[in-house]
Amino acid sequence: LREARWERARIGAALELAPADLVTVSYVLKELPPEARTGLVDAAAAAGQAVVIVEPGTPDGYVRIIEARDRLIAAGLSIAAPCPHDDACPIAPGTDWCHFSARVSRSSLHRQVKGGSLSHEDEKFSYVVATRFPATPAPARITRKPQLRKGQVLLELCTRDEGLSRSTVTKRHGELYRAARDIAWGDPWPPEGTA
Ligand SMILES: C[S@@+](CC[C@H](N)C(=O)[O-])C[C@H]1O[C@@H](n2cnc3c(N)ncnc32)[C@H](O)[C@@H]1O
């Protein structure tokens with residue numbers, strides 16, 4: 001980053017970006033009017049070998065991600081994550097929203113501003129990663145916090161071949177069961193190397 005050149009610019013409808021290995025667009029789409037939003041996604045798709053777009057993990061943040069995902073695919077990119085495929089999202093519009101959670105530490109200023117006392121917060125986000133180079137998406141993605149029960153783990157999944165599905169992994173599954181005990185919301189499933 002020592003070599004980085006920082007530039008400030010207003011994101012408007014007509015935006016050109018220099019070619020880049022990676023373009024990240026984080027928590028910005030919500031700030032923009034629709035025309036500037038689509039212009040930014042199209043410019044990122046044209047410039048980036050890989051594009052990562054992140055929005056707040058709310059129903060409307062998810063809708064913006066799905067709209068951006070459609071544009072990235074139309075521009076010739078392939079989806080690397082979180083989806084296991086480039087097909088339409090299996091969530092029926094308005095019924096749910098694909099999102100994940102990341103624990104982020106709070107600075108003292110952060111705590112003061114938000115009036116919170118915990119040293120961390122669980123930030124909910126929706127995202128999409130698309131690439132121009134070949135990507136190997138996970139066969140499935142864990143879409144909810146796994147439920148641990150005695151001798152079994154209940155998983156909610158978005159899968160490549162069966163859309164949204166539920167899976168119960170029990171002790172009888174051996175190695176897969178041990179993997180399921182350790183798996184987290186947002187992880188690929190099954191973990192690489194397990195059957
Ligand atoms: C929620 S912040 C996200 C900041 C950062 N990308 C991140 O992930 O932490 C949204 C940012 O978008 C900037 N922004 C809003 N509209 C913009 C526009 N038309 N052109 C450029 N920046 C804009 C705001 O100034 C603000 O810094």
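**Ground rules.** I'm working with a predicted model, where local features need pLDDT of at least 70, side-chain atom pairs count only at pLDDT 80 or more, and totals for chains, interfaces and linings use all residues. Residues are numbered from 1 along each chain as its sequence is written, and side-chain values use heavy atoms, with hydrogens and water left out.

**Two domains.** I looked up the division of the protein chain and got domain 1 (20–131) and domain 2 (140–189); such bounds come from an automatic or database domain assignment. Their C-alpha centres lie 24 Å apart.

**Where they touch.** I found 13 residues of domain 1 in contact with twelve of domain 2 (contact means heavy atoms within 4.5 Å). Together the domains bury about 950 Å², 65% of it on carbon and sulfur atoms. Buried area here is the accessible area (1.4 Å probe) that two parts lose on being put together, summed over both. P84, P90 and F100 supply 47% of what domain 1 buries against domain 2, more than any other three residues.

How many salt bridges cross the interface of domain 1 and domain 2? The rule finds one, taking a side-chain nitrogen of Lys or Arg within 4 Å of a carboxyl oxygen of Asp or Glu. R144 pairs with D96 in a salt bridge whose closest N and O atoms are 2.8 Å apart.

**H99.** I went to the loop between β3 and β4 to find H99. (Strands are DSSP runs of E, at least two residues, and helices are runs of H or I, at least four, numbered from the N terminus.) Is H99 buried or exposed? H99 counts as buried because its relative accessibility is 10%, and the cut-offs are under 20% for buried, over 50% for exposed and partly exposed in between (1.4 Å probe, protein chains only). Its side chain reaches the backbone oxygen of W97 at 2.9 Å. Leaving out residues up to four places away in sequence, H99 touches G57, K124, F125, S126, T143, R144 and W185.

Most residues other than glycine have a negative phi, and most peptide bonds are trans. I noted a cis bond joining A81 and P82, with omega about -5°; P82 is in the loop between β3 and β4. Another cis bond runs from W189 to P190, omega near -10°. Y27 has a positive phi, near 55°, and sits in the loop between β1 (20–26) and α1 (34–47). With a relative accessible area of 31%, Y27 is partly exposed.

Methods:
Polar contact = N/O pair within 3.5 Å; in protein donor to acceptor, adjacent residues only side chain to side chain.
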